[in-house]
Amino acid sequence: MMKVSVVIPLYNAEPYIGRCIDSVLQQSYKNTEIIIVDDASSDVSLSVAQGYQARHPSVSIIRHRQNKGTMMSRRDGYMAATGECLMFVDADDTLPPYAIEKLVGKQQETHANIVSGNAEKIYVSGRRERLVDNLPPHASGVDMLEALVDNKARRCLWGRLYRTSLFQGYRLTSLDHMTVYEDACLLHQVVVNAHAVVPLDVTVYYYHENKLSSTQRVYGQRQIESIIMANRIIADVCRPYPQLHDKMQHRIARTVLALYSEQISIARLRALLCKHGMQQYGEIGTMRKHLTIGDYWFAFKRYIYVRTKLSK
């Protein structure tokens with residue numbers, strides 16, 4: 001029976017972490033280990049996790065004495081994994097009880113490097129939204145990469161089962177204090193090395209809306225630099241594939257346009273783009289070439305959101 005490692009990055013998730021761990025412990029598939037990486041939480045999250053560790057031999061904890069960011073927490077988790085396959089669960093999310101069993105069954109049937117299941121977003125209001133990747137039945141890693149660039153697949157690590165060798169057998173770039181775009185940054189690096197990616201038309205992940213999540217925040221300089229660095233890494237991953245160039249240029253230009261809405265000055269943003277070799281994406285000519293009316297509308301809505309937040 002194949003062993004599965006479940007990596008849970010933990011930082012100040014006291015209200016949710018017990019619910020998350022319970023959902024993994026209650027899986028119908030039992031050959032699992034749970035690796036919790038506490039990123040120097042300042043609430044009682046660690047104490048809650050230690051309570052589970054004391055009662056369940058399958059739970060282990062890695063502690064950061066200083067905060068390093070989610071990307072480094074995931075790195076320490078996947079490098080410590082001893083299972084043949086692994087998956088990631090965010091500390092404020094949960095798994096349905098059959099999730100790992102279904103994912104493992106599909107992996108054993110197809111021998112895929114990645115099995116990508118469906119997810120369900122659960123809003124604070126109680127509304128639910130189904131999240132599905134648009135992938136062919138037997139995709140390559142490059143097919144998956146194109147789906148990510150094309151916005152046809154979720155740019156997050158959760159909801160999928162991976163062969164552990166995809167993380168431990170390659171040199172992957174991880175950056176300190178990256179808490180924005182870190183999922184996408186790592187995922188693009190991983191999928192390109194997969195020989196087979198298969199979809200699973202089963203809900204295997206519950207993504208709980210969290211009003212304090214990164215998608216709800218207004219970004220400062222650290223977050224903006226993280227986004228720029230992540231896009232630089234993603235662009236490097238896509239560079240060997242000519243069919244992805246135009247799509248990647250459009251995605252980065254759209255992202256940079258939205259950054260003009262945030263809390264730092266235009267001069268500072270352009271300095272950060274220049275620092276990371278991305279200055280061309282902040283130029284008017286590049287934006288005119290790659291952006292659509294819909295992209296400008298997206299950026300305008302982000303601007304209104306940010307200004308509304310700042311005025312409160």
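Which residues in H1 meet which residues in H2? Select both helices to find out. This is a predicted model, where local features need pLDDT of at least 70, side-chain atom pairs count only at pLDDT 80 or more, and totals for chains, interfaces and linings use all residues. Residues are numbered from 1 along each chain as its sequence is written, and side-chain values use heavy atoms, leaving out hydrogens and water.

**Stop 1: H1 and H2**

Select residues 17–25 for H1 and 45–55 for H2. Helices here are DSSP runs (H or I, at least four residues), numbered from the N terminus. In H1, pick Ile17, Gly18, Ile21, Asp22 and Leu25; they meet Ser45, Val48, Ala49 and Tyr52 in H2. Contact means heavy atoms within 4.5 Å. By class, this contact has 6 nonpolar, 2 polar and 1 charged residues. Nonpolar covers Ala, Val, Leu, Ile, Met, Phe, Trp, Tyr, Cys and Pro; charged covers Asp, Glu, Lys and Arg; the others, Gly among them, are polar.

**Stop 2: H7 and H8**

Now select H7 (residues 182–191) and H8 (221–238). Find Ala184, Cys185, His188 and Gln189 in H7. They meet Ala230, Ile233, Ile234 and Val237 in H8. The residues of this contact divide into 6 nonpolar, 2 polar and no charged. In short, the H7 side of this meeting is Ala184, Cys185, His188 and Gln189.

Technical notes
Axes fitted to C-alpha atoms, helices over the stretch in contact; angles between N-to-C directions. Helix = DSSP H or I, 4+ residues; strand = E, 2+ residues; numbered from the N terminus.
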